[in-house]
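Reader: I have a structure to go through with you. Can we look at it together?

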Amino acid sequence: MSTAPDAHGISSVAELLTIAYRIEADAVERYTMLAEQMQQHNNTELVKVFRDLARAEGIHAEEIRRQAGTIDVVERALQSPWKKGESPEEADLGDAHYLMTPWHALQMALAGEERALDYFQSIVDTASDPKIKEMAEEFVEEEAEHVNLVHRLLRKYPAPPASWSEDSDPPNQA
Amino acid sequence: MSSVDTRLACKPSDYKSDVVPVWCPGCGDYHVLLSFTRAFAALGLPREQIAVISGIGCSSRIPAYTNCYGFHGVHGRSLALGAGLKVTRPDLTVVVASGDGDGYSIGGNHFLHACRRNIDMTYVVMDNRVYGMTKGQPSPTTEPDFDTALTPGGTGLSPFHPLVIALASGANFVARAFSGSPNETADILADAIRHPGFSFVEILSPCVTFRPDEREWKSMVHPAPVAETNDPARAARRLMTDDGFNIGVLYRGERKPYRPPFGHPSIDIAELEKEFEL
């Protein structure tokens, strides 16, 4: 059901910067929630991974805020919720599992970065304003770097064995 | 809904408390919490003008996780608490939260009469078709073939159809949402809160621990193929053939909400205490 927001209604560079900021801020919120979930369920390895992901997205958000200069993207983002669909980079909380591994977390992150890449690419493909197109191309390059970064991190964390979700004392006895 | 002063508007995170949820990772209720906070922010509601009332169960923990007035009440009695609050404090925005066990079984009778009374409040049921907190017993909305150690061979019982019941009992707004689409759900919640009278929103919210099959819901839900209606007869026909996964506002009625005839009486506490003197 989750769909990416409409990429074709962007009318100004300020709006694009606001959306880019919002995407990163939403991702920070999700990763923070996932870190809290893992903390509650004593999956300490994942707490660190999700906190690191939240921190990385926070740095991206801050970079966009600086890039926006006098445009107050923080306030604008608060005043302009997504018109339709979900923020492309937000991890799906429904994919979480109490025994998930760093590989799963990075797969979530990879999916988010790829959705963001596709989103900005669709703006590049459809924008008629050259300034919007140029800035969207910058975001495409940025998101492509993030995708590569997650791929590099995944080399450190190979896929877990198929039995990763087996629990000798499961909550579900049914 | 109470009058809104947008100068006091908060951002979504301001409506989230510092209490960390203890729901299972993957639980749909995390998304519902996001939707609550986004809906409140979109409406610009001051936190002190909102009361989130609940009963018992996983979903009923939500008042603790919102930074508004809240009451974690008695099993199945959240609507009674919410109705009492709304008629005495009509200035508040009252949102009642429940689950399919708390709301349709233990609190089933309150559900019928809350719809009938049409008091201006919003009732949100996070439906996962199972009793999660007590480890996986079937609820009123569980499918008849739910075959587990607790229900060998399935229950064999027809599930309760909450939207049909809500409509037939007089609810003034009937909608279904999916937790996995939090922005869309926030829009539906905001719409429900704005609409006068008793608004009922069923949110399909997967229980990934006791109903891991519900992870598939995200590929099963779809927008309602027909536009909303204000005609109860048309809405009834649609709901009777509903597949359980139509998402959107399905009925928007025009009944006048119930308000107590005495308005908002001023009570002298000393006078009230006299009644209880021994």
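Reader: What covers the buried residues of helix 9 of chain B?

Author: The cover includes helix 6, strand 5 and strand 8 of chain B. Helices (H or I, at least four residues) and strands (E, at least two) are DSSP runs, numbered from the N terminus. This is a predicted model, where local features need pLDDT of at least 70, side-chain atom pairs count only at pLDDT 80 or more, and totals for chains, interfaces and linings use all residues. Residues are numbered from 1 along each chain as its sequence is written, and chains are lettered from A and ligands numbered from 1 in the order in which they are written.

Reader: Which residues of helix 9 of chain B are buried?

Author: A235(B), R238(B) and L239(B), in a helix that spans residues 232–240. A residue is buried if 20 or more other C-beta atoms lie within 10 Å of its own, exposed if 12 or fewer, and partly exposed in between, with C-beta atoms placed from the backbone. Viewed down the axis of helix 9 of chain B, the buried residues fall within an arc of 95°, so they line one face of the helix. The arc is that of the directions from the helix axis to the C-beta atoms.

Reader: And which exposed residues are on the face turned away?

Author: A233(B), R237(B) and M240(B).

Reader: Back to helix 6 of chain B. Which of its residues are buried?

Author: P162(B), L163(B), A166(B) and L167(B), from a helix covering residues 162–169. Their arc is within 130° down the axis of helix 6 of chain B, so these too line one face of the helix. Just after helix 6 of chain B, G170(B) has a positive phi of about 110°.

Reader: What does helix 6 of chain B lie across?

Author: Strand 4, strand 5, strand 6 and strand 8 of chain B, at about 165° to strand 5 of chain B. Axes are lines fitted to C-alpha atoms, for helices over the stretch in contact, and angles run from 0 to 180 degrees between N-to-C directions. Helix 7 of chain B packs on the sheet, touching strands 3, 4, 5, 6 and 8 of chain B.

Reader: What is the strand order in the sheet?

Author: The order is 2-1-3-4-6-5-8-7 in chain B, an open sheet of eight strands with mixed pairing. Two strands pair if DSSP finds at least two bridges between them. Strand 2 and strand 7 of chain B stand at the edges with a single partner strand each, so one side of each is left without a neighbour in the sheet.

Reader: How many residues of strand 6 of chain B are buried?

Author: Seven of the seven, so strand 6 of chain B is largely enclosed by the rest of the structure. One side has F198(B), F200(B), E202(B) and L204(B), and the other has S199(B), V201(B) and I203(B).

Reader: How many bridges join strand 4 of chain B to strand 6 of chain B?

Author: Seven, and the two strands run parallel. D127(B) stands opposite L204(B), and V124(B) opposite V201(B). Strand 5 of chain B is joined to strand 6 of chain B by six bridges, also in parallel.

Reader: Change of topic. How many residues of chain B are in contact with chain A?

Author: 28 residues of chain B, against 24 residues of chain A. Two residues are in contact if their C-beta atoms, placed from the backbone, lie within 7 Å. Helix 1 of chain B gives the largest share of the chain B side, four residues.
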